[in-house]
Amino acid sequence: MGKGNCVFNRQWLANAKYKAWLAEASDKSKHHARCFVCKKDFNISSMGEAALKSHMAGARHQMLIKGNENSAPKLTMEDFVQQSGRAFFGSKFICYSSDD
Ligand SMILES: [Zn+2]
């Protein structure tokens with residue numbers, strides 16, 4: 001059986017529970033997964049998906065996820081402003097000025 005032989009499953013990346021933090025380990029084996037919130041690779045070879053749940057339940061991870069949620073809208077907005085915000089705010093501005 002698969003004990004010690006679990007590999008990364010890309011379907012996990014589509015799972016709402018995991019996709020906020022999960023990534024494939026970059027320079028390690030398929031037996032690792034990466035948490036980009038904790039910036040940490042962890043071994044999944046023996047536990048598989050249970051290792052994700054175990055990592056997710058960790059106090060440090062929970063703390064970082066909460067911090068990330070708080071700062072995420074800010075980061076997202078900065079990205080948004082850089083990419084398409086001008087158009088968005090531009091059209092909003094036009095609405096205001098046509099009100100004048
Ligand atoms: Zn984590």
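The talk below sets terms against their definitions.

Guide: This is a predicted model, where local features need pLDDT of at least 70, side-chain atom pairs count only at pLDDT 80 or more, and totals for chains, interfaces and linings use all residues. Residues are numbered from 1 along each chain as its sequence is written.

Visitor: What makes residues 32–35 strand E2?
Guide: Strands (E, at least two residues) and helices (H or I, at least four) are DSSP runs, numbered from the N terminus. Residues 32–35 form such a strand, E2.

Visitor: How do you know that E2 and E3 pair?
Guide: Two strands pair if DSSP finds at least two bridges between them. E2 and E3 (residues 40–43) have 4 bridges, in the antiparallel sense, and therefore pair. Ala 33 stands opposite Phe 42 in E3.

Visitor: What makes E1 and E3 edge strands?
Guide: The open sheet of 3 strands has the order E1-E2-E3. E1 and E3 each have a single partner strand, so one side of each is left without a neighbour in the sheet.

Visitor: Which strands does helix H1 lie across?
Guide: H1 (residues 49–57) lies across E1, E2 and E3, at about 135 degrees to E3. Axes are lines fitted to C-alpha atoms, for helices over the stretch in contact (C-beta atoms, placed from the backbone, within 7 Å), and angles run from 0 to 180 degrees between N-to-C directions.

Terms used
A residue is buried if 20 or more other C-beta atoms lie within 10 Å of its own, exposed if 12 or fewer, and partly exposed in between; C-beta atoms are placed from the backbone. Two residues are in contact if their C-beta atoms, placed from the backbone, lie within 7 Å.
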